[in-house]
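This briefing goes through selected features of the structure below, grouped by topic. Please read it with the model open.

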Amino acid sequence: MRKNGVTMKLFLVMAGFLLVLYGTTVLAQLIWFPDFYQHQKISSMKKKLSKFEQQYSSSRWSDLQLAKETGKFMRQNQSHLVILTSTGRLVNDPFHITLLQEDGKHVKVSLSLFINSENAGWIRSHLKFGQKLTVKGPSSDQSAPESMVYPFKIQDGASTAWGTESFQESLLPVQEWTGVLTEIVLPDLATWSQRQGLLVQALDSRFPLSAEDQKVLSSGKMLNEEWVDSWSGVRNVITIAPVHRAGAEQQLIFSLTSLQEMREANEATRLFYGYFGIGAFVLILLLALLLSRFITKPLLALNHVAKKMSTLDFTVKSSIRRKDEIGSLSDSLNALSSTLGQTLEELKQANDQMRTDMELKQQIEQRQRKFFADASHELKTPISIIKGYSEGLKDGVSEGKRERYIEIIADEAIKMENMVEEMLDLVRLESAAIQLNTEAIALDDMIEDIAGRLGPQLKDKGLEVVLVSTTEQSIEGDRSKLEQVFYNILMNAIRHAIPQTDIMIEISRHEGCVHVTIENKGEHIAEEERQYIWERFYRVERSRNRKMGGTGLGLAISKQILDLHGCGYGVENTSDGVRFYISFPKA
């Protein structure tokens, strides 16, 4: 680029603009985003808690329904939730056990403030129906038909579990109850026990409520404040919502939500931008250079044509075809070149043959240059990658990087090998060079085996495969090929599923045909793309991400195998995901 040229000026302007834009984005992310994120999270929690309160107030939930809805709220929002009276006493505890005493009286034992990381394992293994237990702790109302006990300890015949110290212990008299276990309603203990101690501390810090807090809650408004655990320094937000339900005593919904992940994410973001900054700077300069060349390239081409005309060379034509001012200038310049060429034709007849030869030579050279340029462009990226890793290994990189380089090379080799194998399989299938080895196949057993092999992938995303089969269904087909079909479709379902959801597989028989559906919960497939997902190398992901999108051959291979078996198949969007269906012909 010339120092005073148009390309250099555009490059400097674009590079400066992009750097300012990038710098502004980074500063906004690092300075304002944490406060914005915290505000959005607190606002979102208030809305969700308000919705939960409305459902709780308007619905007469049973104990099991209350436990289900409470557990669902805590899982989805990564928070803890209890229902209290205005004095801080726990009511409507969704997680409890019930004891039947010898006198026929039922005693409910609250567990929401009892479970902690130390006794969760004991509870999971020792609470059995029909077991005789002894519970010690205060009771909420001894005159009620079913009193609620807040236990210090729970004891069976051989061992004892101790609970978390509670602020209620000093308010009510302590008694002991013994009875047979008749009801168990427990949360997900693995999740519940991690932050249970913080919930008890938060309750201790907020109750009893001040007169001002009681006034705000009586007016129907929520209380919202940040609370820091003094021992670990973990930041949390406490939300207290009044329950708008008619009754003798006001009830409150108390929620504790961690803000720790926001702080960790912000720290990771700062570190990320530190490493990413150098690469982003180079990328911005490269992008500015490409954009400046893209804009100035037609002007430079026209300048080149004009220079040729000034030397009486009218053989060069502008190849620019655009419907704007530059395109119009290109057409005018080409027309001028043609006119001048025709005018000088009679004066240069003696040189026509020479000129023709020179033009042919120039064209051949241009084709050669273009060929080498295209070949160099196509080979540049793989050669650069190979050169980079080879030089790194040759220069004696650190042991950690050396292992990483070797791992990357090995992984890429495996990926290329898999792609070649899949391409060969697809070619053989399309050429009908493969004969099916049919046999009787127990379809549900085969699918369960494939799901078992995909256990690590399912576990990584917290997915569960639910297989529903009315009766044992058997089909005729090539087992190895059909395993490949269900493996590809299940892998596709796993890639696009929302974490912590179920993948539903249903096998049924209708009018002599066996039908299989595989459904996940995730993003829908656009209607215009559904017809192309069976084509080779087609991925729904526009980024062509190899990690998420695979090689793009799995569904194409599945299509060929299903066609060889004479199956009907397709894909459709559901209310909350995507469903693949296969219909096997009558045996």
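Aspartate 563 is partly exposed, with a relative accessible area of 35%. The side chain of aspartate 563 meets that of lysine 559 in a salt bridge, 3.3 Å from N to O. These values come from a predicted model, in which ten salt bridges are found.

- Aspartate 563 and lysine 559 are four residues apart in helix α16 (residues 554-564), so about one helical turn separates them.
- Lysine 559 has a relative accessible area of 26%, so this residue is partly exposed; aspartate 563, at 35%, is partly exposed too.

- Helix α13 covers residues 479-496, and at 1.5 Å a residue its 18 residues should span 26 Å.
- Arginine 479 and glutamate 483 form a salt bridge, with 3.2 Å between the closest N and O atoms.
- Both arginine 479 and glutamate 483 belong to α13, where they are four residues apart, about one turn of the helix.
- Are the two partners buried or partly exposed? Arginine 479 has 27% relative accessibility and so counts as partly exposed. Glutamate 483 has a relative accessible area of 18%, which is under the 20% cut-off, so glutamate 483 is buried.
- The pair is part of a network of salt bridges that links Asp449, Arg453, Arg479 and Glu483.
- Buried residues of α13 include Lys481, Leu482, Val485, Phe486 and Asn488. Further along the helix, Ile489, Leu490, Met491, Asn492, Ala493 and Ile494 are also among the buried residues.

**Salt bridge between glutamate 572 and arginine 579**

- The side chains of glutamate 572 and arginine 579 form a salt bridge, at 2.7 Å from N to O.
- Glutamate 572 is partly exposed, with a relative accessible area of 30%.
- Arginine 579 is partly exposed as well, at 23%.

**The five-stranded sheet**

- Five strands make up an open sheet with mixed pairing, in the order β13-β15-β16-β18-β17.
- Which strands stand at the edges of the sheet? They are β13 (464-469) and β17 (568-573). Each has a single partner strand, so one side of each is left without a neighbour in the sheet.
- From one strand to the next, the twist averages 15 degrees.
- Within the sheet, β15 (residues 502-510) and β16 (residues 513-521) are paired in the antiparallel sense, over seven bridges.
- Opposite arginine 509 stands valine 514, which is in β16.

- Glutamine 500 lies in the loop between α13 and β15. Its phi is near 65 degrees, a positive value in a residue other than glycine.
- Glutamine 500 has a relative accessible area of 64%, over the 50% cut-off, so glutamine 500 is exposed.
- Glutamate 511 is in the loop between β15 and β16. The phi of glutamate 511 is also positive, near 55 degrees, and this residue is not glycine.
- At 62% relative accessibility, glutamate 511 counts as exposed.

**Cis peptide bond**

- Phenylalanine 207 and proline 208 are joined by a cis peptide bond, with omega at about 5 degrees.
- Proline 208 is located in the loop between α5 (196-206) and α6 (211-218).

- Leu27, Ile31 and Trp32 make a nonpolar surface patch of about 350 Å².
- Leucine 27 is placed in helix α1, residues 6-58. With 48% relative accessibility, leucine 27 counts as partly exposed.

**Leucine 336 in helix α8**

- Helix α8 (residues 325-343) holds leucine 336, and this leucine counts as partly exposed at 42% relative accessibility.
- Between leucine 336 and methionine 309 there are 9.2 Å in space, C-alpha to C-alpha, and the two are 27 residues apart in sequence.

Technical notes
Residues are numbered from 1 along each chain as its sequence is written. This is a predicted model: local features need pLDDT of at least 70, side-chain atom pairs count only at pLDDT 80 or more; totals for chains, interfaces and linings use all residues. Side-chain values use heavy atoms; hydrogens and water are left out. Helices (H or I, at least four residues) and strands (E, at least two) are DSSP runs, numbered from the N terminus. Buried means under 20% relative accessible area, exposed over 50%, partly exposed in between (1.4 Å probe, protein chains only). The expected span of a helix is 1.5 Å times one less than its number of residues. Patches are made of residues with over 30% relative accessible area and no salt bridge: like charges are joined within 9 Å, nonpolar side chains (Val, Leu, Ile, Met, Phe, Trp, Tyr) within 5 Å. Accessible areas come from the Shrake-Rupley method with a 1.4 Å probe; for residues, only the protein chains shown count as cover. A salt bridge is a side-chain nitrogen of Lys or Arg within 4 Å of a carboxyl oxygen of Asp or Glu. Two strands pair if DSSP finds at least two bridges between them. Axes are lines fitted to C-alpha atoms, for helices over the stretch in contact, and angles run from 0 to 180 degrees between N-to-C directions.
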